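Here are a few friendly notes to read alongside the model. Have the viewer open as you go through them.

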Amino acid sequence: MTRIITQPHPNPVSATERAERIADPGFGKVFTDHMVVARYTAGTGWSDAELTARGPLSIDPASAVLHYAQEIFEGLKAYRHADGAMALFRPDANAARFNQSATRMAMPHFPEEIFVDACKAIARMDAAWFPPVEGGSLYLRPFMFASEVFLGVKPSSEYLFIVLAAASGGYFKPGASGINLLVSDHDSRSGPGGTGAAKCGGNYAASLRFQAESIAKGYDQIVFLDAVERRYVEELGGMNLFFVFDDGSILTPPLDGCILPGITRDSILTLARDKGLAVREERYAIDAWRADAASGKLREVFACGTAAVVTPVASVSGDDFKAEIGAGATGQLTEALRSQLVAIQRGTAADPYGWVQRID
Ligand SMILES: *Cc1c(COP(=O)(O)O)cnc(C)c1O
């Protein structure tokens, strides 16, 4: 595969209808007119990618993904800069992680340059879908799944690679002052040797039951502990965690193969180190979290990921405790890191790291 073939939608959504849909898009519901599709077959490899009209797929009910969940995905945003140009944030890191996930799930690699080009091509084609809302973006969803029609258990010999784009507003309700977390005492999302470091749909499937339980109890998100000792904090269902202490140091759990190596996490580590902060990638036990919250040693906690960027955490609860952090207000360092990251992404601050790729 060497290129992306463009076949514009013959009958796109009208400008009036589009304006209505993107006025208050929410997250991941308002899709654009196009999608990118490429097919893989063992032997011939990847076909050329096509940027074409978005529409339903015709899938055989015996497609392997429907039975054995051989599927991976990525999530990244196209931002709009003040001069009107759109830009992607570290798309090369998403492309590289996509292939790390592919390796873990016994799937073929997708050429990283074409991954990035495909993201740029759909954003460029559907630029008119960019939502006119505060914090808005075009959320891009590249994914790959096993499409071989076969019920035997083995890596599929056929795959589809697709990129979708969705006009998106903020991930959490605006004005929320911090999210309230519930610690999982019975479900794990990953374990040693498992798929926790791969961005695969199955990890989310494993997190949904407890996520639903926590929402029913009035919480916003869940915290997973390590599956072996049920003691060490790993991450939320779809975001990494950071802790800020009274000595100015910050801590995040290490990439031990059980947590997802977030690109936001990595970017925040870089920003924090360059601010001269003491940064630790260390295990942190839930009992230490409770004790440090009670003593005041723990000043701020925040979650981070592409969708919600940086979100302050107001409290963490378990069956028999609730630990509140910083009276629920957004901490100073949380806000400083959030605004610095957002400014680089949106092109209002310099980008000394070469993270931003403009779409021309
Ligand atoms: C995608 C994801 C994250 C965040 O990764 P980013 O690259 O920062 O968006 C964190 N945890 C899980 C489980 C994820 O799937």
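1. Which residue lies over the face of phenylalanine 321? Arginine 290 does, at 4.0 Å from the ring centre. Arginine 283 lies over the face of tyrosine 232, at 3.8 Å from the ring centre. A charge sits over a ring if NZ of Lys or CZ of Arg is within 6 Å of the ring centre and within 35 degrees of the ring normal.

2. A word on the source: this is a predicted model, where local features need pLDDT of at least 70 and side-chain atom pairs count only at pLDDT 80 or more, while totals for chains, interfaces and linings use all residues. Residues are numbered from 1 along each chain as its sequence is written, and side-chain values use heavy atoms, with hydrogens and water left out.

3. The structure holds 17 aromatic pairs (ring centres of Phe, Tyr and Trp, for Trp the six-membered ring, within 6.5 Å; planes under 30 degrees apart are stacked, over 60 edge-to-face, the rest tilted). The rings of phenylalanine 98 and phenylalanine 161 have centres 5.7 Å apart and planes at 75°, so this pair is edge-to-face. Phenylalanine 98 lies in helix 3 (residues 91–104) and phenylalanine 161 in strand 10 (residues 158–168), so the pair ties together parts 63 residues apart in sequence. Helices (H or I, at least four residues) and strands (E, at least two) are DSSP runs, numbered from the N terminus.

4. Both phenylalanine 98 and phenylalanine 161 are buried (under 20% relative accessible area; exposed is over 50%, partly exposed in between; 1.4 Å probe, protein chains only).
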